[in-house]
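Work through the exercises below with the model open. Try each task before reading its solution.

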Amino acid sequence: MKLALLGQTCADNLDHLKTCLTSDWEIGLWLPDDPLDKGEALVGGADAVVVGSDTLVSGGAFQLIPRAEKLRLFQIPFAGYDWLKPDSLPEGCYICNALGHEQTMAEFIVASLLEWEIGFRKLDASFRAGSWKYQGASRDPESLHGEVYGKTLGLFGYGSISRETAKRASAFGMKVCAIARSPRETTPEHLDWIGTREDMPRLLAESDYIALACDLNDETRHAFDAAAFAQMKPGAVIVNVARGPVAEEEALYAALADRQIAGAIIDTWYIYPNRPLPGGTPEPSPRPSRFPFHELDNLIMTPHCSAHTVGADLRRWESIARNLDALAADRQPETVVMRGTRKLQI
């Protein structure tokens, strides 16, 4: 069977992929500087394609996808797939994302809650400046820091990231609840309760922290709008590691600027480097929103890095190898998110 790897990130991980595969593949590699016709020939004859993140950001992969006529597996090397339409790939083709980042992102979420409560940055800066204001012997109420113990974490979306987050949050003594796409007959381990979108008012009313860890689709886009923020506790904090538009941009900014909610930790945004902007030229380092989030003091901002570790990258390629092995054995891959619908021209 023939495998096409597209991009430098695929080249960087090729050796690890080979060590993880248990099936035989004829592997071809196309780099962004290679001739386009080389990529077209490679993709046109491939049973499976793995796209690198660099070819997706640059748009190079999108020039080659229409050439995929006999493709059985289109593999994405990370979680998100909201940019991909099923009619761009042959009918029946498996479209898969990758696992392996969920442990890293769960650590990121829980670490952000701990930082919000304890405030290591503030403590460090104050003590370096010569102040003992926050010492344990102080009787100043402002010297006290918070704790996550006993607080409630609401999870919007209950996939692999939320499962790993619930495990870690419950270990800190937090109460954990979740909203899932479909009803569950039993409550999963580490959760106090789980519901569906019908239970959103309860999640919003009970949660001290709400972590967005869902796919971006028609059902989740702008799920957190002005009405949702109005139902949250005034002291609640929202954490977004999903996709920016799960939280409606203007409503989120207003909720923070007006102190309707206590704060936010945002890792996923609305504007990204080198992507076309309405009526303008792509910028290499743009502000991540049309609103000045960076001027707010009740916000922790990070540049879409919650899954950015060596360990997560290695585990993702191990997940990709398992999908390729499954296809070679004529089994369904483990991370199918949709199937292609494009009918081939006869």
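**Exercise 1: the mixed sheet**

An open sheet of six strands, with mixed pairing, runs in the order β2-β1-β3-β4-β5-β13. The model is predicted: local features need pLDDT of at least 70, side-chain atom pairs count only at pLDDT 80 or more, and totals for chains, interfaces and linings use all residues. Residues are numbered from 1 along each chain as its sequence is written, and side-chain values use heavy atoms, with hydrogens and water left out.

Task: Which are the edge strands?

Solution. 
- Strands here are DSSP runs (E, at least two residues), and helices are H or I runs of at least four, numbered from the N terminus.
- Two strands pair if DSSP finds at least two bridges between them.
- β2 (26-30) and β13 (336-339) each pair on one side only, and are the edge strands.
- Neighbouring strands are turned by 20° against each other on average, direction ignored.
- Inside the sheet, β4 (residues 73-75) and β5 (residues 94-96) pair in the parallel sense over three bridges. Leu73 stands opposite Tyr94 in β5.

Task: At about what angle does helix α12 run to β4?

Solution. 
- Angles run from 0 to 180 degrees between N-to-C directions, with axes fitted to C-alpha atoms, for helices over the stretch in contact.
- Helix α12 (residues 310-328) lies across β1, β3, β4 and β5, at about 180° to β4.

**Exercise 2: two helices**

Task: How do α6 and α8 pack?

Solution. 
- α6 (residues 102-118) and α8 (residues 160-171) meet at about 50°, axes 8 Å apart.
- That makes α6 oblique to α8. Under 35 degrees counts as roughly parallel, over 145 as roughly antiparallel, 65 to 115 as roughly perpendicular, the rest as oblique.
- Contact means heavy atoms within 4.5 Å. Residues of α6 in the contact include Met105 and Ile109, and those of α8 include Ile161 and Arg168.
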